[in-house]
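I opened the notebook to look at one chain's fold, then at how the chains meet. My notes follow in the order in which I looked things up.

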Number of protein chains: 4
Amino acid sequence: MRPNTFGHLLSLTTFGESHGPAMGAVIDGFPAGVSVDVARDLQPHLDRRRPGQSSLTTSRSEGDEANILSGVFEGKTIGSPIAVLVWNKNARSEDYDPNYYRAGHADRTWEEKYGHRDYRGGGRASGRETLCRVIGGSFARLLLPKEASIVAFTRQIGEHEAREVPDSLTIADVDRHPTRCPDPAVAREITAVLKNCKKEGDSRGGVIELWVDNIPAGLGNPVFAKMKNRLASAFMSVGAVVGVGLGDAPAASEARGQKFHTGIAGSGDDAGISPASQGIQGGITNGRRICLRVYFKPASTVGSMAKKGRHDPCIVPRAVPVIEAMAALVLADHWLARRLDRHIES
Amino acid sequence: MRPNTFGHLLSLTTFGESHGPAMGAVIDGFPAGVSVDVARDLQPHLDRRRPGQSSLTTSRSEGDEANILSGVFEGKTIGSPIAVLVWNKNARSEDYDPNYYRAGHADRTWEEKYGHRDYRGGGRASGRETLCRVIGGSFARLLLPKEASIVAFTRQIGEHEAREVPDSLTIADVDRHPTRCPDPAVAREITAVLKNCKKEGDSRGGVIELWVDNIPAGLGNPVFAKMKNRLASAFMSVGAVVGVGLGDAPAASEARGQKFHTGIAGSGDDAGISPASQGIQGGITNGRRICLRVYFKPASTVGSMAKKGRHDPCIVPRAVPVIEAMAALVLADHWLARRLDRHIES
Amino acid sequence: MRPNTFGHLLSLTTFGESHGPAMGAVIDGFPAGVSVDVARDLQPHLDRRRPGQSSLTTSRSEGDEANILSGVFEGKTIGSPIAVLVWNKNARSEDYDPNYYRAGHADRTWEEKYGHRDYRGGGRASGRETLCRVIGGSFARLLLPKEASIVAFTRQIGEHEAREVPDSLTIADVDRHPTRCPDPAVAREITAVLKNCKKEGDSRGGVIELWVDNIPAGLGNPVFAKMKNRLASAFMSVGAVVGVGLGDAPAASEARGQKFHTGIAGSGDDAGISPASQGIQGGITNGRRICLRVYFKPASTVGSMAKKGRHDPCIVPRAVPVIEAMAALVLADHWLARRLDRHIES
Amino acid sequence: MRPNTFGHLLSLTTFGESHGPAMGAVIDGFPAGVSVDVARDLQPHLDRRRPGQSSLTTSRSEGDEANILSGVFEGKTIGSPIAVLVWNKNARSEDYDPNYYRAGHADRTWEEKYGHRDYRGGGRASGRETLCRVIGGSFARLLLPKEASIVAFTRQIGEHEAREVPDSLTIADVDRHPTRCPDPAVAREITAVLKNCKKEGDSRGGVIELWVDNIPAGLGNPVFAKMKNRLASAFMSVGAVVGVGLGDAPAASEARGQKFHTGIAGSGDDAGISPASQGIQGGITNGRRICLRVYFKPASTVGSMAKKGRHDPCIVPRAVPVIEAMAALVLADHWLARRLDRHIES
């Protein structure tokens with residue numbers, strides 16, 4: 001079953017508990033000859049996920065410095081498995097009580113399943129595990145064509161939804177505001193909401209939207225390794241995620257077919273392309289923008305424990321690089337798979 | 001990559017094109033000693049998915065009779081792979097044009113990917129492929145505890161949403177109406193909408209809701225084989241599905257944490273159980289009802305081709321057994337995996 | 001675990017019991033655009049494995065006709081799973097006794113494992129299962145470069161070992177004699193031995209040698225998917241195989257290093273190539289001939305049951321195409337994997 | 001393909017190059033609740049494989065101290081992935097020349113495959129990688145029934161073959177002599193041969209024999225995950241291994257069937273058990289001793305480089321714990337798989 005491994009041709013295996021000595025990622029199937037620079041390619045993504053990056057997040061302070069243990073030699077990958085370690089430094093297990101199951105967490109289900117659990121702060125179920133995904137995603141990005149763009153942003157927090165979003169976005173655009181909401185007015189509203197949450201021990205969920213641009217057609221393998229179900233699995237494996245949709249899925253489910261499927265079908269460049277496809281048709285990319293929404297429930301730690309400050313009132317802003325990382329892993333996996341589609345004589 | 005195989009310990013491999021000679025399913029990892037009766041255990045589920053079952057569906061007529069070729073001997077499974085074949089009988093490929101890409105279908109992406117495609121009606125991308133999933137799911141159900149109940153139903157078609165739904169439902173309850181909507185008033189509204197669609201060459205999508213009851217706690221394997229991401233992958237691999245959520249995911253994403261996570265956490269039977277968990281916590285079942293919603297886009301064939309009658313104006317009612325089947329496959333896989341959680345000395 | 005599936009990128013799943021209605025093979029991951037002709041590409045290999053092909057084999061008579069059910073359209077593969085069915089016709093289950101465990105067969109271990117078994121002639125443990133491997137191997141050959149040559153032959157039966165073997169061999173060369181021993185004098189000795197076995201109810205094992213020529217360097221993936229361990233696993237999965245070696249492994253294990261590793265190492269085309277490598281170095285092909293030996297125990301059915309004639313006195317000649325097929329599957333899998341070794345920018 | 005992962009239900013992923021900072025092992029699928037003590041359960045096996053353990057081995061000196069980074073909490077496994085790190089300390093890369101391909105090593109094939117390689121001493125192809133397998137095997141042993149015994153020993157080095165071997169052996173028995181040959185007279189001969197090799201820059205191969213006792217019947221899954229082909233794959237993935245056989249495979253291939261298959265077949269405890277089975281029948285264990293032989297070619301480094309002393313003249317004695325470890329991994333994997341064979345109602 002290999003439950004701690006994600007991916008087929010390119011695979012990520014993660015290990016480590018939030019309060020153990022270290023978190024680790026092992027990436028297998030990574031082609032040789034790719035230049036890798038930790039400071040340029042990894043650390044910026046880890047820093048975007050890092051706790052304590054703004055006043056809106058947890059006060060747990062971790063440098064989250066990436067150490068490459070294998071797979072890279074003289075600045076290039078060599079075809080062997082890439083292993084990256086991040087030491088845990090600011091773990092404070094005294095905050096946790098072994099005899100108490102936190103509601104909304106995995107505490108009880110984990111204990112019922114395994115009999116024995118690491119009660120120090122979530123163990124594997126902690127959001128800290130996602131830093132290994134960011135490592136994996138950072139490497140995955142290096143495989144994709146340079147022009148490919150994978151950008152996620154905060155579409156909505158609580159009932160505050162971004163409406164004025166530019167047609168194209170870079171990571172820098174998104175990071176301009178700590179909420180990672182690219183609509184400045186809504187970003188300000190969200191800031192006020194989250195500051196209030198911290199004060200009151202309340203929390204919020206929200207919606208992250210992902211845009212993938214300049215990705216070639218043909219990625220995705222029918223029928224159980226479609227681009228859409230691989231992405232859905234990738235995102236739903238993240239702790240707080242409760243839903244995934246292609247574009248605005250609830251709206252699509254209500255639409256009339258004749259309107260939804262409007263568009264030129266007969267000839268030319270767009271022949272057979274569905275305008276409402278969100279970049280994926282029959283499970284395979286069609287070369288247009290891939291757009292998905294990922295729904296997060298409100299953060300689980302509320303009340304007095306939340307007021308201590310070592311928990312995020314809303315995980316959405318820090319989850320943006322995690323969603324991008326999971327998308328990059330799926331895309332790079334299928335980018336490799338693309339090489340296997342057709343016969344090559346020799 | 002094995003894109004035509006789903007599942008880990010219990011796996012389903014499907015083959016067959018919609019206009020080829022046959023559709024097939026191979027199930028591996030199925031334990032020995034399970035009594036199987038085609039008429040009792042398989043055919044009823046296939047009949048629920050079968051085209052032509054009511055005036056609301058396509059007029060393509062297929063008996064969809066299951067033939068077991070291996071894995072069952074003297075009425076019981078023997079531990080070897082179970083193979084089941086269904087012959088295609090009413091394929092009419094003359095309806096299709098090799099030089100035409102149907103918008104909203106996989107025609108163009110498939111051709112760009114593989115260069116060469118079976119242009120006779122969708123090939124593997126056809127909804128006909130889902131009958132193999134129903135076969136797999138029928139076997140998967142046999143592994144689960146007898147008291148387990150997996151029931152899906154039409155929650156919404158177009159903008160018509162069921163509101164008056166009983167607290168518990170059987171398959172028979174759901175099948176009482178061809179729309180598979182258990183709210184009789186809404187079912188009548190939907191019938192009118194779909195009849196009108198057939199006349200006008202229009203189509204609709206909708207929402208299927210899945211309830212899994214009486215399933216044990218402890219199913220699901222962190223961190224990439226969680227119950228929720230496995231189910232999301234299972235459902236999103238179905239052609240017309242555009243979104244998946246735990247319960248009403250958009251509503252959850254808007255809720256306030258203190259309200260969403262309300263509930264007794266300290267002690268007793270419910271200690272650590274989240275009332276809003278939808279049966280899955282930390283990716284693992286907690287023994288309560290699992291509830292998911294699956295969003296379908298409107299059926300792709302609209303206009304003059306739709307009026308010929310060999311396409312469904314709305315796939316949702318016939319997709320109900322498919323969603324149940326995919327859920328059964330995931331649940332049975334984890335039901336087996338449960339045996340591996342803890343050490344057994346000998 | 002998927003115990004009935006072999007291979008990674010190119011995978012073969014087999015089903016069917018020897019006395020059930022049919023044997024089947026499903027091949028996934030096969031690239032699109034490959035021309036396939038059953039009469040030219042499949043049937044000849046099946047005929048080489050077929051029972052009743054000479055007076056030296058079992059008298060069970062099966063046409064073993066291949067029926068393609070999916071994956072091929074208008075004579076070319078389309079990227080979807082290839083399914084091939086062979087109906088069982090001459091099964092005579094009355095020959096078998098449910099209350100009797102045949103020694104040397106899987107009867108007892110299978111029953112202890114699964115509780116319930118198909119007692120009609122071996123079920124999945126029957127050599128008949130290998131016809132599905134031959135189907136898989138026939139397709140695998142189509143992926144490899146045209147100049148590649150995969151030829152196996154009878155090196156030894158009982159104590160009769162071929163000594164005068166030409167430097168190069170084609171399948172036609174090997175098939176010139178029913179024993180598939182390319183040393184004519186030894187072939188005659190073997191014929192006499194096997195005819196005597198049939199008369200006396202005795203049996204023999206032997207050694208098959210495999211030569212793979214004109215295969216590119218670079219096939220094989222360290223450290224657990226090396227060419228040598230993948231081939232070893234492929235061959236040892238065949239019922240009667242009890243050993244596998246690179247070249248003459250027992251002799252290699254006795255050699256002195258300075259003699260064994262003699263050869264030019266410094267410069268030129270052969271730099272770093274080990275003359276004693278048997279074509280595989282560090283688990284990766286080096287472009288030279290791959291040579292392996294596969295050891296078979298004597299056929300298990302001896303005594304009065306053997307005299308009935310529906311069992312082979314020696315499985316080695318009919319196993320030659322099976323060994324070739326398993327080699328082709330491994331080689332084609334790694335031939336595809338080769339495309340993933342290095343970075344391709346776009 | 002995940003070439004650095006071995007195993008299905010219980011899987012071992014290894015990383016690290018011989019001259020990189022560390023070697024690592026990640027074990028997934030390990031059940032919760034197993035007591036683990038590094039000093040008792042891991043270090044002894046690592047010490048048996050460690051370089052520099054006797055005058056017969058390389059002088060590279062490594063403490064090979066195991067550090068558990070995750071998966072164990074308060075002395076017991078918790079169901080999450082187990083990660084173990086061993087730092088490399090005595091790597092001396094100045095001994096290696098990037099412009100020189102060592103014959104008999106993976107240098108050239110690796111470079112042809114990947115374009116870019118770690119030329120410092122073999123990288124992943126180094127025997128040092130096997131310490132990760134020993135870590136994996138040490139954990140695997142903890143899953144097996146206490147009475148199970150996995151013992152390998154030096155059967156032969158060069159032409160010196162152990163003849164006087166007791167009927168049963170413990171690890172302590174085998175370790176009594178640095179050659180790990182349990183026939184004292186032959187052990188002395190081997191010592192003389194290997195000392196001479198070190199002086200002359202020569203090397204030897206040999207044969208390791210593996211005995212597995214007190215293992216239950218029913219382990220092994222037909223048809224591609226048989227116990228025999230899984231073991232063959234496990235052993236052949238070790239660098240210097242060139243052959244594998246059930247018992248004495250060449251002798252079995254020469255035997256007459258009526259003699260080879262002699263034994264009571266009809267009734268009683270032994271009904272259907274083949275006396276010559278070597279513990280595996282139809283690919284499934286039959287409860288008797290499993291016996292395999294593993295053939296090693298002579299160590300590749302000969303001549304002047306060998307005289308420097310940082311290479312073993314014969315890898316066989318140090319490979320004994322590696323063979324045991326690979327066997328333990330396969331056995332534990334199937335030990336877990338055994339739980340899935342039959343239907344359990346609830």
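Predicted model: local features only at pLDDT ≥ 70, side-chain atom pairs only at ≥ 80, totals over all residues.

**Entry 1: a helix in chain D.** I looked up helix α2 of chain D, residues 107-114. Seven of its eight residues are buried, so the helix is largely enclosed by the rest of the structure. For this I took a residue as buried if 20 or more other C-beta atoms lie within 10 Å of its own. The buried residues of α2(D) are D:D107, D:R108, D:T109, D:W110, D:E112, D:K113 and D:Y114. I then asked what covers the buried residues of α2(D). The cover includes two strands of chain C, β12 (280-281) and β13 (284-285). Just after α2(D), I found D:G115 with a positive phi of about 80 degrees.

**Entry 2: chain A as a whole.** I listed ten helices and 14 strands in chain A. The radius of gyration of chain A is 21 Å, close to the 20 Å that the globule rule gives for 346 residues, so chain A is as compact as a globular protein of that length. Its C-alpha trace spans about 65 × 50 × 40 Å along the principal axes. Of the 346 residues, 67% count as buried. I also checked contacts in chain A between residues at least 6 apart in sequence: 70% of them join residues at least 24 apart.

**Entry 3: chain B against chain A.** I found 84 residues of chain B in contact with 84 residues of chain A. Elements of chain B that each supply at least two residues to this side include β1 (5-6), β10 (206-213), α6 (227-236) and β14 (290-296). The largest share, seven residues, comes from α2(B). By class, the side of chain B that touches chain A has 36 nonpolar, 31 polar and 17 charged residues.

Strand β11 (residues 241-246) of chain A pairs with β11(B) in the antiparallel sense over three bridges. In this pair A:V244 stands opposite B:V244.

**Entry 4: chain C against chain B.** Here 38 residues of chain C are in contact with 38 residues of chain B. On the chain C side, β2 (11-15), β3 (22-28), β4 (67-70) and α2 (107-114) each supply at least two residues. Strand β3(C) gives the largest share, four residues. I recorded the classes on this side of chain C as 14 nonpolar, 16 polar and eight charged.

Notes: Residues numbered from 1 in each chain as written. Chains lettered and ligands numbered in written order. Buried ≥ 20, exposed ≤ 12 C-beta atoms within 10 Å, placed from the backbone. Contact = placed C-beta atoms within 7 Å. Rg over C-alpha atoms; globule rule 2.2 N^0.38 Å. Nonpolar A, V, L, I, M, F, W, Y, C, P; charged D, E, K, R; others polar. Pairing = 2+ DSSP bridges.
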